[in-house]
Amino acid sequence: MPQTVCSGTMFTTPSGFSPHLACADPGEEEEAPQEGSGPGACLADGPPITSASLDTLIQNLVPTADYYPEAKVRKFGPKILQLLTEWTETFPSDFRDEKMVGHLKDIIHRIAPCDEAYWKTLNQVLQKLSQRLALMSQGEESIVKVSLNASSISDKLVAFKTKPPPIQKDILSICTDPYTLAQQLTHVELEHLSHIGPEEFVQAFVQKDPLDGTQQPCFSDQKKKTTNLEAYVRWFNRLCYLVATEICMPAKKKQRAQVIEFFIDVARECFNIGNFNSLMAIISGMNMSPVSRLKKTWGKAKTAKFFILEHQMDPTGNFYNYRTALRGAAHRSQTANSNRERIVIPFFSLLIKDIYFLNEGCANRLPNGHVNFEKFVELARQVGEFMTWKQMECPFEEDRAILHYLHTVPIFSEDGLYLASYESESPENQVEKDRWKALRSNVLGKT
């Protein structure tokens with residue numbers, strides 16, 4: 001079914017989920033890991049450290065009168081350059097705030113005079129940051145325009161089978177090749193993913209330190225920059241409703257069956273490509289109640305392949321089958337010889353839930369007050385893997401007519417879907433009859 005953006009009720013603990021990364025029981029005593037005893041002690045010395053206090057981390061990072069991480073500024077400078085470069089490239093949205101830009105320029109003015117080569121490098125950092133911020137703004141503006149265009153007309157489309165002739169094209173008049181449509185869906189997915197930065201995951205689930213005694217629910221702070229992440233969830237929902245609309249819209253049973261078979265083939269091609277998000281959206285759209293109740297239509301369609309795809313995305317065992325397929329796609333991506341084999345687009349809602357439960361199920365700090373390194377390393381691994389997948393450039397040629405259709409075609413609202421479904425196949429019980437009568441009155445103004 002369509003997904004909802006993060007809320008207090010969005011997440012339910014998946015079957016089989018058991019956080020194990022240093023998720024300590026607050027009631028258990030734990031021996032403190034070995035830490036350096038002085039400001040000059042390096043965390044990298046000795047056996048691996050799995051936790052440390054914030055004071056120790058700060059002592060190892062901040063110079064003092066008796067301690068300097070690097071004795072010579074010319075050795076320390078490149079490390080600062082590397083930090084600033086990676087920071088601005090990975091989290092450019094941090095610098096939308098003029099205050100942060102001011103801090104960045106202040107650091108630059110402090111270290112640039114140390115070496116003439118620093119000036120050139122730092123100027124490049126600023127130029128690239130400016131370009132990234134401009135691209136982010138353009139991407140968000142385009143997403144907003146598409147969303148407004150689609151939402152402004154979605155509720156205007158009613159069950160126009162009662163108004164001959166139909167006033168809009170259908171998907172089969174735009175594209176008859178399932179592989180081509182799967183390619184264009186992959187274009188849309190990768191376009192959305194390209195705008196999502198790792199900072200949006202941080203913003204989506206950020207909470208104040210538990211020691212502060214206050215917490216912020218995800219997406220509650222309007223200042224948080226989760227625009228692209230939320231837009232991607234809206235795209236998933238739109239694709240669900242678009243699939244359902246296309247199936248419910250045709251007046252004849254044979255035509256509806258053809259659309260069902262077409263989307264089954266599109267879903268299969270998405271699976272082969274590695275586009276699991278579109279695959280799940282198509283399956284969800286076909287499983288929506290207004291579509292699933294069309295028993296005569298489904299009886300006319302060839303559905304064996306659909307049941308196979310449903311099995312692949314079955315939520316049983318914490319989506320065991322899907323996770324197996326995702327690992328296979330990830331392995332294929334790592335060993336691929338062509339860009340077409342490198343595509344991995346995960347089922348995004350499940351990815352968010354995994355990260356959410358890892359964040360919620362494992363403490364930021366251990367009972368001894370140390371930072372839980374293992375948790376954050378695993379969070380970084382999962383987000384880092386996603387960042388690798390999202391940087392993939394789509395290898396398929398764009399079809400602007402199909403892309404325009406996907407973004408702008410009117411779609412039924414939930415009431416519109418039910419009305420179209422009842423108009424296609426009559427209500428089977430009194431509850432459906434009453435709802436049909438109410439919808440005809442409310443939507444069509446008929447009794």
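Q: Where does Arg 293 lie?
A: Arg 293 sits in the loop between helix H11 (289-292) and helix H12 (295-300). Helices here are DSSP runs of H or I with at least four residues, strands are runs of E with at least two, and both are numbered from the N terminus. Keep in mind that this is a predicted model, where local features need pLDDT of at least 70, side-chain atom pairs count only at pLDDT 80 or more, and totals for chains, interfaces and linings use all residues. Residues are numbered from 1 along each chain as its sequence is written, and side-chain values use heavy atoms, with hydrogens and water left out.

Q: Why is Arg 293 called buried?
A: Buried means under 20% relative accessible area, exposed means over 50%, and partly exposed is in between (1.4 Å probe, protein chains only). Arg 293 has 7% relative accessibility, so it counts as buried.

Q: What makes the pairing of the side chains of Arg 293 and Ser 421 a polar contact?
A: A polar contact is a pair of N or O atoms within 3.5 Å; within protein, one must be able to donate a hydrogen and the other to accept it, and residues adjacent in sequence count only if both atoms are side-chain atoms. The two side chains make such a contact at 2.9 Å.

Q: Which residues does Arg 293 touch, not counting residues up to four places away in sequence?
A: Touching, or contact, means heavy atoms within 4.5 Å. With those sequence neighbours left out, Arg 293 touches Ser 421, Tyr 422, Glu 425, Ser 426, Pro 427, Glu 428 and Glu 432.

Q: What about Leu 294: buried or exposed?
A: Leu 294 is buried, because its relative accessible area is 0%. Its place is also in the loop between H11 and H12. Leaving out residues up to four places away in sequence, Leu 294 touches Ile 247, Cys 248, Arg 256, Ser 421, Ser 424 and Glu 425.

Q: Why is H8 called roughly parallel to H18?
A: The axes of helix H8 (residues 227-248) and helix H18 (residues 414-424) cross at roughly 25° and come within 9 Å. Angles under 35 degrees count as roughly parallel, over 145 as roughly antiparallel, 65 to 115 as roughly perpendicular and the rest as oblique. So H8 is roughly parallel to H18. The contact is made by Tyr 241, Ala 244, Thr 245 and Cys 248 of H8 and Glu 414, Leu 417, Ala 420, Ser 421 and Ser 424 of H18.

Q: What makes H15 roughly antiparallel to H16?
A: The axes of helix H15 (residues 348-361) and helix H16 (residues 373-390) come within 10 Å and cross at roughly 165°. That angle makes H15 roughly antiparallel to H16. Among the residues making the contact are Phe 348 and Leu 351 of H15 and Lys 375 and Phe 386 of H16.

Q: How do you know that helix H10 is largely enclosed by the rest of the structure?
A: Count its buried residues: 11 of the 11 in helix H10 (residues 276-286) are buried, so H10 is largely enclosed. They include Phe 276, Leu 279 and Met 286. For the whole protein, 43% of the 447 residues count as buried.

Q: Why are Asn 318 and Phe 319 called buried?
A: Asn 318 counts as buried because its relative accessibility is 11%. Phe 319 counts as buried because its value is 15%. Asn 318 has a phi near 55°, a positive value in a residue other than glycine.

Terms used
Axes fitted to C-alpha atoms, helices over the stretch in contact; angles between N-to-C directions.
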